[in-house]
Amino acid sequence: MKLNDWREKRGYSYRNLAKILGAGGATTVRRWCLPIEHRDRLIPSPKYMQMIVDLSNSEVMPNDFYLR
């Protein structure tokens, strides 16, 4: 599942999710949620990737950031 789909399903704003993960801010999380082809897209560092997997109970996995 894509992070943005999971985020929307749970009703989290970018800001809320950033706060939960201790990420830089809403802009960082928004960039993690952008489509693969978007030029501003970012992939979370291994530290945040693991936190996302744990928080989502493995609904969002690392390969979800690389596959369409």
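**A close look at the salt bridges and their surroundings**

Tutor: Ile43, Tyr66 and Leu67 form a nonpolar patch on the surface, and together they have about 310 Å² of accessible area. Leu67 belongs to the segment after α4, a helix that covers 46-55. Keep in mind that the model is predicted.

Now the pairs. Side chains of opposite charge can pair when their charged atoms come close. How many salt bridges does the structure hold? The count is 4. Lys9, Arg10 and Glu59 are linked in a network of such bridges.

Begin with Lys9 and Glu59. Their closest N and O atoms are 3.3 Å apart. That is within the 4 Å cut-off for a salt bridge. How covered are the two partners? Lys9 counts as exposed because its relative accessible area of 51% is over 50%. Glu59 has 27% relative accessibility, so it counts as partly exposed.

Turn to Glu59 and Arg10. The side chains of Glu59 and Arg10 meet in a salt bridge, with N and O 2.7 Å apart. This pair also links distant parts of the chain, with Arg10 in helix α1 and Glu59 in the segment after α4, 49 residues apart. Arg10 is partly exposed, at 37% relative accessible area.

Which residue pairs with Glu8 in a salt bridge? The partner is Arg7, at 3.7 Å from N to O. Arg7 is buried because its relative accessible area of 7% falls under 20%. Glu8, by contrast, is partly exposed, with a relative accessible area of 49%.

Trp6 lies in helix α1. Is Trp6 buried or exposed? Its relative accessible area is 2%, so Trp6 counts as buried. Trp6 and Glu59 are 53 residues apart in sequence, yet their C-alpha atoms are 7.7 Å apart in space.

Asn57 is found in the segment after α4. Ser58 is placed in the segment after α4 too. Check their backbone angles. Most residues other than glycine have a negative phi. Asn57 is not a glycine, but its phi is positive, at about 55°. Ser58 is not a glycine either, and its phi is positive at about 70°. Their cover can be compared with the cut-offs. Asn57 is exposed because its relative accessible area of 65% is over 50%. Ser58 has 44%, so it counts as partly exposed.

Rolling a probe the size of a water molecule over the atoms shows where empty space is left. The largest pocket has a volume of about 160 Å³. It is lined by 14 residues, and those closest to its centre are Lys2, Cys33, Leu34, Pro35 and Ile36. Helices α1 (3-10) and α3 (26-33) each supply at least two residues of this lining. What kinds of residue make up the lining? They divide into 8 nonpolar, 1 polar and 5 charged.

One more stop lies past α3. His38 sits in the loop between α3 and α4. At 33% relative accessibility, His38 counts as partly exposed. His38 and Gly22 are 16 residues apart in sequence and 24 Å apart in space, C-alpha to C-alpha.

Back to your request, then. Glu59 is linked with Lys9 and Arg10 in the network. Arg7 and Glu8 form a salt bridge of their own.

Notes
Residues numbered from 1 in each chain as written. Predicted model: local features only at pLDDT ≥ 70, side-chain atom pairs only at ≥ 80, totals over all residues. Heavy atoms only, no water. 1 Å grid on protein atoms, 1.4 Å probe; cavity = no way out; pocket = protein on both sides within 12 Å on 5 of 7 lines; lining within 4 Å. Points joined across faces, edges and corners; volume = space filled by probe spheres on them. Helix = DSSP H or I, 4+ residues; strand = E, 2+ residues; numbered from the N terminus. Nonpolar A, V, L, I, M, F, W, Y, C, P; charged D, E, K, R; others polar. Patch = residues over 30% accessible without salt bridge, like charges linked within 9 Å, V, L, I, M, F, W, Y side chains within 5 Å. Areas by Shrake-Rupley, 256 points an atom, 1.4 Å probe, with all protein chains shown as cover. Buried < 20%, exposed > 50% of the residue type's maximum accessible area, 1.4 Å probe, protein only.
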